[in-house]
Amino acid sequence: MLKRHGLFARAAGIALAAALLAGCAAGGQDQAPQAADTAPAQAPAATEQGGGDAPAEAVDEVLIGLLGPWTGAVAQFGVAKRNGAMLYIDQFNARGGLQIRTVDFDEEGDPANAIVGYHWLFDQGINALIGSVTSAPTMAVVPEAFADNMPMITATSTHANVTVDAATGNVWTNMFRSCFIDPFQGTKMAEFAVEVLGAQTAAILFSNEIDYSIGLTDAFTVRAGELGLEIVAVEVFANEAMDYVGQLTNIAAANPDVLFIPAYHQHIALIGPQSVAAGLDTVMLGADGWGAALEAIADPSSIEGSFYLTGFTVEDESPLVQNFINDFVAEFGHQPNMFAAQAYDAAMILINAIEMALADGFVPDTDEFKSSIIAHMAATDIQGVTGHITFDQYNNPQKTAFIIQIVDGEARFWGTF
């Protein structure tokens with residue numbers, strides 16, 4: 001068993017190499033939140049992608065929708081997403097000229113409510129949608145938005161079927177995302193366990209009630225089998241579970257080298273301390289759902305030495321990222337997390353496509369305008385705060401993954417992988 005508090009020579013060596021390489025690189029609510037009285041810093045200009053030759057018709061504003069859970073169990077994700085998106089929108093509007101107006105809906109993390117919210121936003125006359133936040137509500141909305149030819153981008157919904165129709169295998173051509181997908185994350189963490197930590201055995205603790213958790217588990221299991229990483233225990237928990245001691249005790253008895261926990265921050269906040277009570281002392285691995293775990297956990301030492309994959313780090317020293325962090329802190333009083341950063345990029349991608357559609361000569365509130373937005377989103381090639389972003393044939397972003405390690409109760413950038 002690899003001890004969670006141990007320092008592994010192989011991991012340390014690769015981390016040092018990664019650090020050296022990194023050093024060489026440059027880096028509800030029926031009404032939208034009001035812009036700040038003081039104009040925020042100018043938004044970074046998105047990369048030109050080329051539009052049509054038709055002159056842009058004079059358009060003063062474009063209305064877009066924000067859909068997410070501003071209240072409820074996953075509100076922490078939703079609020080971070082809305083803050084990140086609104087920061088970019090406010091910065092864009094401060095430049096003058098075209099104004100992006102927003103209207104938003106609190107779907108409370110519920111798929112049925114998300115559908116209600118989408119139709120309400122559609123009735124308000126939106127031309128595009130940023131949302132939703134977790135995978136199940138987003139997947140519930142996508143078919144409705146596809147039928148309406150509605151451009152849509154999510155900053156945080158990671159399930160593979162967010163952009164692909166599970167029944168037919170066809171791509172939802174209107175749907176994009178600025179976050180990693182579950183198969184990518186699960187695959188990467190299995191590879192990390194073997195190639196970096198030298199693990200030979202693994203256990204998995206996941207929820208069979210959360211699409212995110214299921215997707216990550218499936219991908220991790222498949223890649224583990226390909227790599228010869230033996231799965232010695234698999235335990236399941238309910239989404240609303242408070243007690244994990246039984247599952248953790250069973251895992252401890254199996255003595256795995258690593259424990260993969262594809263869960264959200266609120267689960268990790270409970271699992272960490274209870275793993276100590278259960279006598280489990282192994283390296284925990286996670287994915288981007290861990291992003292706010294340190295903000296929620298009472299005893300950070302219980303997850304000391306853990307690793308998780310993420311799409312953003314405040315330790316990226318590029319001017320674009322540091323300016324974003326400074327602006328976010330000035331606006332909201334705390335550093336942005338991955339969810340806010342991915343939402344900032346989602347807004348950048350969408351608004352860049354809107355500008356290109358206007359340059360093509362199309363006007364809002366028409367199918368042609370929406371189709372042009374979708375085409376330009378597919379052609380995205382920009383530098384965002386979460387990395388250089390293009391899209392593959394499934395409308396999933398192609399970009400770098402960051403690995404974070406919990407060290408001395410803090411989330412530290414380990415390196416890229």
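Reader: Which residue in S12 is the bridge partner of Gly384?

Author: The bridge partner of Gly384 in S12 is Gly387. This is a predicted model, in which local features need pLDDT of at least 70 and side-chain atom pairs count only at pLDDT 80 or more, while totals for chains, interfaces and linings use all residues. Residues are numbered from 1 along each chain as its sequence is written, and side-chain values use heavy atoms, leaving out hydrogens and water.

Reader: How many bridges pair strand S11 with strand S12?

Author: Begin with the terms. Helices (H or I, at least four residues) and strands (E, at least two) are DSSP runs, numbered from the N terminus. Two strands pair if DSSP finds at least two bridges between them. Here S11 (residues 381-384) and S12 (residues 387-391) pair in the antiparallel sense over four bridges. The two are joined by a hairpin of two residues.

Reader: What joins S12 to strand S13?

Author: Two bridges join S12 to S13 (residues 397-398), and the strands run antiparallel. Phe391 stands opposite Pro397 in S13. S12 and S13 also form a hairpin, with five residues between them. In that turn, Asn395 has a positive phi of about 65 degrees.

Reader: In what order do the five strands of the open sheet lie?

Author: The order is S2-S1-S3-S4-S5, and the pairing is parallel. The edge strands are S2 (99-106) and S5 (175-177), each of which pairs on one side only. Eight bridges join S1 (residues 61-68) to S2, and Val62 has Ile100 in S2 as its bridge partner.

Reader: Which strands does helix H2 lie across?

Author: An angle between elements needs axes: lines fitted to C-alpha atoms, for helices over the stretch in contact, with angles from 0 to 180 degrees between N-to-C directions. Contact means heavy atoms within 4.5 Å. H2 (residues 75-94) lies across S1, S2 and S3 (129-130), running at about 165 degrees to S2. Helix H12 (residues 367-378) packs on the sheet as well, touching S1, S4 and S5, and its direction makes about 40 degrees with that of S5.

Reader: At what angle do helices H5 and H6 pack?

Author: H5 (residues 182-195) and H6 (residues 211-227) pack at about 40 degrees, with their axes 7 Å apart. That makes H5 oblique to H6; angles under 35 degrees count as roughly parallel, over 145 as roughly antiparallel, 65 to 115 as roughly perpendicular and the rest as oblique. Among the residues making the contact are Gly186 and Ala190 of H5 and Gly215 and Ala219 of H6.

Reader: Is Thr154 buried or exposed?

Author: Buried means under 20% relative accessible area, exposed over 50%, and partly exposed in between (1.4 Å probe, protein chains only). Thr154 lies in strand S4 (residues 152-154) and is buried, because its relative accessible area is 0%. A polar atom of its side chain lies 2.7 Å from the backbone oxygen of Ser132. Leaving aside neighbours within four places in sequence, Thr154 is in contact with residues including Gly131, Val162 and Cys179.

Reader: Why does Val236 count as partly exposed?

Author: Val236 counts as partly exposed because its relative accessibility is 34%. Its place is in strand S7 (residues 230-237). Leaving aside neighbours within four places in sequence, Val236 is in contact with Leu205, Phe206, Asn208 and Gln247. Val236 and Gln247 are 11 residues apart along the chain, and their C-alpha atoms are separated by 7.4 Å.

Technical notes:
Polar contact = N/O pair within 3.5 Å; in protein donor to acceptor, adjacent residues only side chain to side chain.
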